[in-house]
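Please open the structure in a viewer and keep the sequence at hand.

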Amino acid sequence: MLAPRCAAAPLKPHPPTALLTPAMAGLLERIARARRAPFHAMTPAQARAAYEAGAEVLDLPRAPLGRVEALALPGGDGSPRPARLYAVDHAPRPALLYLHGGGFVVGSLETHDSLCRQLALLSGWAVVALDYRLAPEHRFPAAVDDAWAAMRALAASPGRHGLAGRPIAVGGDSAGGTLAAACALHARDLGLPLALQLLVTPGTSAHADTASRRLFADGFLLDAATIEWFFDHAIERGHRSDWRFAPLEADVDGVAPACVILAECDPLVDEGLAYADRLRAAGVPVTLELYRGVTHDFIKMGRALKEARAAMQAAAAALQAAVPRTGDPR
């Protein structure tokens with residue numbers, strides 16, 4: 001006689017930490033053990049100093065290049081902004097305007113030096129990093145205005161800096177990805193052709209209402225409290241639906257092709273996916289790379305994460321594919 005079947009016990013949902021790769025989980029554990037104060041417990045000046053000190057600890061060593069030069073590009077208020085040009089040599093190569101992450105409050109040319117060197121080395125493009133104005137001293141739309149002014153200047157006079165006349169691309173990570181998306185929209189409106197918009201873990205939404213914002217709100221490097229701290233410093237709450245801050249609010253028809261690089265365990269991943277879907281629905285060519293088991297800012301962890309190195313290769317490949325005629329963007 002068969003024993004009566006017992007009702008199956010309900011399955012327990014896996015905690016979101018179960019999604020992490022072992023290497024990523026180990027890094028987060030080390031970060032937690034260090035007990036560093038979060039950005040939202042600091043002043044902006046303290047947060048900038050802390051980010052500057054730790055931004056490249058896990059990044060790949062700074063690659064030697066044939067050309068690394070200080071530049072000045074016009075800012076949105078008419079004043080020159082510091083910039084830095086990276087290239088493998090002095091040949092006239094096309095330019096990628098690169099906009100660093102940091103929530104519009106932290107970050108600098110120094111915090112993203114290694115990343116820009118790797119992009120230049122792997123892609124063959126010249127990477128021009130911009131030191132745009134930061135909040136709270138310069139609130140929205142100061143960073144957008146600086147990015148737009150720099151993009152227009154590079155496109156109008158590339159020879160001034162020894163760059164190729166075309167093509168030009170824009171890119172950035174995190175808040176810099178938001179700025180790059182806004183640049184692509186502005187370029188479309190100006191009739192300025194861009195070869196590519198490179199969007200690495202970008203913020204695209206004004207609202208903290210996605211599933212990933214809830215699932216990865218705490219303990220996954222970029223916490224909900226820190227995002228809100230960034231936003232409070234950067235922009236008035238009533239302006240957050242402005243498409244220059246939240247590209248998901250924009251009409252994206254006719255913008256440049258996109259390479260979108262996302263991290264699975266990132267509170268911003270759902271809005272990144274939504275933006276890629278919006279672009280595709282508008283007929284924009286999109287290359288989407290989703291790296292499983294890693295967090296926001298993973299692309300700057302190349303010493304420890306193979307996914308970071310793969311993402312750099314994917315970004316470089318997308319830039320190379322934007323110059324299909326010769327395979328060499330000179």
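Begin by colouring the chain by pLDDT, the predictor's confidence in each residue, from 0 to 100: the chain mean is 94, and 94% of the residues reach 70 or more. This is a predicted model, in which local features need pLDDT of at least 70 and side-chain atom pairs count only at pLDDT 80 or more, while totals for chains, interfaces and linings use all residues. Residues are numbered from 1 along each chain as its sequence is written, and side-chain values use heavy atoms, with hydrogens and water left out.

Now turn to A276 in helix α8 (residues 269-281); helices are DSSP runs of H or I, at least four residues, numbered from the N terminus. A276 is buried, with a relative accessible area of 0%, where buried means under 20% with a 1.4 Å probe, protein chains only. Show V260, V286 and L288 as well: A276 touches them, leaving aside residues up to four places away in sequence.

Finally, select F104, R139, F140, A143 and A234, which lie nearest the centre of the largest cavity, among its 14 lining residues. A cavity is a set of points on a 1 Å grid over the protein atoms alone where a 1.4 Å probe fits but cannot get out, and lining residues have an atom within 4 Å of a point. Helix α4 (residues 142-156) gives the most to this lining, with three residues.

Definitions and conventions: On a 1 Å grid over the protein atoms alone, a cavity is a set of points where a 1.4 Å probe fits but cannot get out, and a pocket is an open set with protein on both sides within 12 Å along at least five of seven lines; lining residues have an atom within 4 Å of a point. Helices (H or I, at least four residues) and strands (E, at least two) are DSSP runs, numbered from the N terminus. Buried means under 20% relative accessible area, exposed over 50%, partly exposed in between (1.4 Å probe, protein chains only). Contact means heavy atoms within 4.5 Å.
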